[in-house]
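Work through the exercises below with the model open. Try each task before reading its solution.

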Amino acid sequence: MTVEELGQIPPLGGSFVRGASGSGVAAARRVLPGSDAPQTTTLPDTTLRVAEVSTSGDDVARRLAEYERLVGERPSETMPAGFLHVLGFPLATALMVRPEFPLPLLGMVHVENHVSLFRPVELGESVTVTARAEGLRGHRRGTQVDLVTDVTVVGDDSPAYTGVSTYLAKGVHIAPAPEETERPEFVPPLPTARWRLDARVGKAYATVSGDRNPIHVSVLGAKAFGFPRTIAHGMYTAARALAQVGPARGDAYDWDVQFARPVVLPGVVDVSVRPGTDGVWSITGWNARKRLLHLNGSVTPR
Amino acid sequence: MATSKNQTTPPAAEAVIVGGNRIPFARAGGKYSSASNQEMFTAALEGLVARYGLQGERIGEVVGGAVLKHARDFNLVRESVLGSSLSSQTPAYDLQQACATGLEAVVTISNKIKLGQVESGIAGGTDTVSDAPIAVSEGLRRALLAAGHAKTLGARLKAFAAIRPADIAPLTPSTDEPRTGMSMGEHQAVTTATWGITREAQDEIALASHQHLAAAWDSGFFDDLVTPFRGLTRDQNLRGDSTMEKLAGLKPVFGKNLEGTEPTMTAGNSTPLTDGASAVLLASREWAAERNLPVLAKVVDAETAAVDYVHGHEGLLMAPAHAVARLLTRQELTLQDFDFYEIHEAFASTVLTTLAAWEDADYCRTELGLDAPLGSIDRERLNVNGSSVAAGHPFAATGGRIVATAAKLVAERAAETGRPARALISVCAAGGLGVAAIIESAADGSVSTGSTSATGSTSATGSVSTGSTSATSTTGTEA
Amino acid sequence: MADSYLKAVNSGVTKTLAKKLGLPRPAVLRRWAPGQPLTTGPVLVVGGRPGVEDDADRVAAALLGWDLDVRQVPAGSTPDPALRWGAIVAVMTEAQKPTDLSETVLAIGANLRNLAGNGRVVTISRATVAGDAPALSATRNGVDGFLRSLAKELRGGATGNGIQLTEAAQVGDPSVLAALHFFLSSKSAFVDGQLLKVGDGPSWDATDFDWTRPLAGRVAVVTGAARGIGADVARTLSRDGAHVVVVDVPAAGDSLARVANEVGGTALQLDVTAPDAGARILEHARARHGGLHVLVHNAGILRDKLLANMKPEKWDAVIAVNLDAQLRINEYLLGANGFSENPHIVSLASTSGIAGNRGQTNYGFSKAGVIGHTRATAPLIAAVGGTANAVAPGFIETDMTASIPAIARQVARRASSLQQGGQPIDVAEAIAFLASPGSTGVNGQVLRVCGQNLVGQ
């Protein structure tokens with residue numbers, strides 16, 4: 001794998017423009033019936049790397065404060081894992097909008113996210129951020145890929161943070177789908193909390209995270225991808241759940257989430273965030289009226 | 001106040017309850033819809049002053065508060081004092097502990113009296129949902145603040161430009177728990193489901209609350225506890241003619257989508273949103289005697305508890321179960337050692353889940369750290385003159401209502417029987433908080449209490465004045 | 001309550017107009033204010049015989065003791081036209097036959113034009129008693145008709161009232177002087193054409209008596225004190241130095257609290273018809289104030305209806321509150337020896353109880369009943385050194401009379417010698433007088449506060 005050094009974290013705005021045009025062409029080329037076989041069915045063998053990203057600027061501090069307020073984290077200069085995800089997200093996106101990337105960016109659905117936070121990262125520490133793509137694989141409804149982001153504090157030997165975000169490109173079949181496994185029926189637990197998410201949540205998280213995917217910020221955009229209205233960022237709901245665990249998660253933890261169904265905005269999500277006897281916190285978010293699971297996962301103190 | 005140490009250390013001064021006053025509680029948007037917290041609390045104070053002739057009196061301290069409070073009411077209690085007939089030299093401060101505000105104020109005052117820091121105090125609270133503060137949205141608020149801080153016209157315009165149409169909508173106050181986003185009713189619905197409390201049991205509590213409160217009003221029990229306000233002479237929510245059938249006909253409002261349980265909590269067995277205010281006069285025995293004031297009861301001890309409800313480990317309103325357990329242990333009392341139980345009916349099911357918890361051996365062992373369950377209580381002694389489901393619950397005003405009611409109850413009982421009487425008070429509160437207190441009749445031979453006969457008061461004196469240890473043993477077995 | 005007619009005929013253009021038209025011109029009555037002199041001018045004492053130390057001299061001496069400018073003038077003298085008498089006191093106690101009084105009444109007449117506005121004429125005579133010789137009885141009773149007629153001739157807010165000494169009472173008795181003090185003062189502004197019987201009563205030491213705080217150290221209970229007359233009674237008794245317990249039904253508790261806080265008293269929310277009302281009043285007064293000296297039965301209700309249409313509840317409610325409650329409370333307090341030393345009961349009667357009123361059979365019964373029990377209670381309470389008296393208000397400007405239709409209200413106002421309605425304070429002043437230690441010689445009496453209303457006595 002080659003490492004490609006970038007001078008700075010690329011701005012996201014440009015990525016989305018490129019992603020939108022590129023993915024349109026790519027999708028037409030690769031997916032439409034009768035079109036040519038896809039040009040690419042392998043992932044780019046490239047790791048994007050930005051060294052010594054400063055987090056000491058006022059803009060980062062302001063953004064962290066906004067983030068903490070939005071997802072319900074207590075005010076702190078230690079960056080929650082979700083904020084590190086936000087820091088690395090543009091780099092992962094930059095990889096996905098490259099012409100050689102086999103899947104279209106737009107319309108891609110975030111289905112899982114696994115994070116390990118090995119040590120706390122404080123505001124002001126310089127970090128090196130890398131992003132690579134792995135695990136292109138078939139799925140019943142399309143193709144999945146893992147975007148792996150590492151954040152390493154300058155001077156450390158190993159990453160402070162490793163995030164694996166699994167995306168699904170629906171309807172793109174470039175790898176064989178595995179056997180369908182039966183999913184157990186969802187039985188809601190008793191709630192410990194309830195989120196009333198108003199329509200502005202999508203835009204608010206988009207502002208903080210830079211993820212301005214139209215399905216989150218524009219009703220028309222959402223409709224274009226088959227949603228009745230905008231939907232909440234999966235990572236926003238996951239970040240709220242992580243915040244809900246509170247200080248009990250400790251300085252270092254694993255944070256694993258599966259996104260089952262998107263939360264259409266505005267919406268009410270019943271939530272259960274409870275510690276298990278083994279110290280692992282379970283996270284569940286669902287629509288109580290329709291008895292539908294939105295997300296589940298866990299937080300495991302390290 | 002460890003009882004075993006009472007022999008070696010001089011007993012602290014007593015804090016006695018002289019009496020109380022409240023205004024009738026009004027339903028939200030009812031008779032007090034134009035009354036502010038300050039007006040209501042001032043009215044409660046004025047009634048108290050009139051009842052006990054405290055005009056121009058410099059009270060040691062007035063402590064109270066409101067849960068829903070305007071920013072302008074930062075000094076609500078002091079402002080109320082200044083608008084009252086008390087001496088303007090009476091100090092005051094605001095205290096807030098959600099629904100336990102009133103009881104916590106009583107505890108605070110009584111502690112200061114016992115410490116000798118003050119000789120008298122008034123504890124109370126007030127709340128209005130009809131005149132509740134309405135805030136601007138977070139977006140508008142930030143924009144306005146930014147504009148206020150802006151130094152140039154351009155910066156100010158830029159700040160205003162950040163306002164979005166959706167920001168204009170005001171924020172009405174919410175009773176949702178900030179940390180969970182669930183309303184108190186939804187929280188209690190989970191607790192109710194966990195403990196398997198039935199709809200019928202809740203309706204029975206609700207019905208008893210209305211019947212008891214109506215009977216107390218009819219018998220004149222509140223003649224010296226309540227002063228009318230704005231044309232309201234009785235609690236507006238009271239329905240003395242309620243029946244099980246009527247209650248059974250109401251639709252559930254909480255816990256409608258809880259897996260595996262039928263919803264049981266209705267508007268009938270839950271507390272309605274209410275406006276009102278209350279105040280309790282506490283003093284040292286000497287201060288009361290110097291002013292020829294009656295002494296209804298003394299504050300024996302109190303305990304505050306909190307539970308971790310955020311992650312579902314405990315029910316939001318279960319803290320009183322913990323507070324009472326610790327209080328009983330410290331006072332070396334059993335749950336059965338009481339003549340009266342005043343358990344605040346945030347919901348009928350709050351009372352039932354609390355009682356169920358005390359009866360549950362497993363819960364008492366794992367959660368309360370007790371070897372044996374606290375056991376059950378004689379339900380005939382529970383909320384005998386009604387509670388919040390019937391009277392309503394203007395959050396901070398409830399503690400004062402309960403303490404004054406309980407104080408009069410124990411005073412009357414002691415006068416009837418010639419023996420000390422004791423009441424257990426528990427109030428649950430938002431934020432997983434709970435306050436419990438024990439009060440005991442404290443009639444002194446020289447000052448008769450209420451309508452009690454001189455004989456009753458005199459014979460009660462001996463056993464009461466010997467302190468909590470001996471009083472415990474005398475009443476502990478009388479049930 | 002505002003009497004706009006009274007205001008109009010006493011000010012500006014409307015005053016001139018009313019004068020020309022010969023309309024009734026009620027005066028603005030002088031009412032008590034702190035520091036006010038007892039009378040508006042010098043006091044003329046008539047009825048004395050030169051060279052003899054008689055009752056007139058004794059009265060004059062007492063008046064001098066109150067720092068008044070007191071004068072006695074020779075018979076037949078004409079007063080200086082510029083002179084304005086604050087009061088004329090006619091001493092008639094020693095008259096044995098009608099002709100004995102000619103000189104005295106003519107002396108009054110000669111000075112009437114010199115009587116100041118809001119001036120006072122007070123006669124002091126003796127009441128008829130069984131065994132009086134016919135001529136003596138005629139003389140004493142004649143004063144009655146004379147005084148009432150004279151009162152109707154007085155103008156400008158002046159009043160005429162009489163003190164009738166009974167039995168062994170002497171003009172120098174403190175009780176007689178207290179009554180004289182009351183009638184001379186502005187506190188009796190709306191008392192007119194009344195004769196008050198004053199006996200010797202229990203002894204009362206008037207030496208060093210503080211006339212500004214006659215009720216100092218006394219504990220007074222006022223029922224129906226949340227508003228109207230009762231509230232003013234509480235204020236007046238408090239002004240006079242009493243510790244006041246204000247009582248009213250729990251439903252009136254907010255107004256009651258305001259009154260209690262205004263007068264620095266205590267509020268007792270109590271329905272006087274409750275079976276234990278007497279016990280609770282006594283309990284409260286004793287426990288909180290150390291005793292019970294004055295009880296003012298003011299609580300009363302109106303449920304007007306022609307008898308033909310009278311519903312049981314309307315009749316019964318009025319009797320229960322206005323009469324039965326008073327009876328029951330008195331019975332309890334007297335039976336339980338509940339009163340402290342020298343107690344005074346003052347009950348609210350009404351001119352309706354004296355003269356009757358259409359539509360008020362229930363009210364009239366209750367108020368006449370009050371007069372009845374007052375007379376009967378008098379000897380019982382005298383046994384413990386106290387008094388029981390009633391005050392009968394006429395047309396008083398209150399919330400209650402404000403509900404009378406406008407024309408009827410105007411007629412009622414003018415139908416008295418003072419040509420106006422009284423104020424609650426006027427009733428309160430009369431009650432305060434009857435509650436004061438000075439009134440110990442007044443017992444079983446009904447004092448009307450009616451501006452000499454045309455109806456009844």
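**Exercise 1. Determine the handedness of the crossing of α6(B) with α11(B), then describe the contact.**

Solution. α6(B) passes α11(B) in a left-handed crossing. Left-handed means that the near helix is turned anticlockwise from the far one by less than a right angle; clockwise would be right-handed. The model is predicted: local features need pLDDT of at least 70, side-chain atom pairs count only at pLDDT 80 or more, and totals for chains, interfaces and linings use all residues. Residues are numbered from 1 along each chain as its sequence is written, with chains lettered from A and ligands numbered from 1 in the order in which they are written.

Next, take the geometry. Two packed helices are described by the angle between their axes and the distance between the axes. Here α6 (residues 184–195) and α11 (residues 348–359) of chain B have axes that come within 10 Å and cross at roughly 40 degrees. That angle makes α6(B) oblique to α11(B). The classes are roughly parallel under 35 degrees, roughly antiparallel over 145, roughly perpendicular from 65 to 115, and oblique for the rest. Axes are lines fitted to C-alpha atoms, for helices over the stretch in contact, and angles run from 0 to 180 degrees between N-to-C directions. Helices (H or I, at least four residues) and strands (E, at least two) are DSSP runs, numbered from the N terminus.

Last, list the residues. B:Q188, B:T191, B:T192 and B:W195 of α6(B) meet B:S349, B:T350, B:T353 and B:A356 of α11(B). A contact needs C-beta atoms, placed from the backbone, within 7 Å. By class, the residues of this contact are two nonpolar, six polar and no charged. Nonpolar covers Ala, Val, Leu, Ile, Met, Phe, Trp, Tyr, Cys and Pro; charged covers Asp, Glu, Lys and Arg; the others, Gly among them, are polar.

**Exercise 2. Give the strand order of the open sheet in chain C.**

Solution. The order is β9-β8-β7-β10-β11-β12-β13, seven strands with parallel pairing. Two strands pair if DSSP finds at least two bridges between them. β9 (266–269) and β13 (446–449) of chain C each have a single partner strand, so one side of each lacks a neighbour in the sheet. Neighbouring strands are turned by 20 degrees against each other on average, direction ignored.

Now follow the bridges. β8(C) (residues 243–248) is joined to β9(C) by four; there C:V246 partners C:A267. Five join β11(C) (residues 344–348) to β12(C), where C:H344 partners C:T387. β12(C) and β13(C) share four, and C:V391 partners C:L447.

**Exercise 3. Is β12(C) mostly covered or uncovered?**

Solution. Strand β12(C) (residues 387–393) is mostly covered, with seven of its seven residues buried. Buried means 20 or more other C-beta atoms within 10 Å of a residue's own; exposed means 12 or fewer, partly exposed in between, with C-beta atoms placed from the backbone. One side holds C:T387, C:N389, C:V391 and C:P393; the other holds C:A388, C:A390 and C:A392.

**Exercise 4. Locate C:Q360 and find its contacts.**

Solution. C:Q360 sits in the loop between α11 (352–355) and α12 (361–382) of chain C. The residue counts as buried because it has 21 C-beta neighbours inside 10 Å. Leaving aside neighbours within four places in sequence, C:Q360 is in contact with C:D304 and C:S352.

Conventions:
Contact = placed C-beta atoms within 7 Å.
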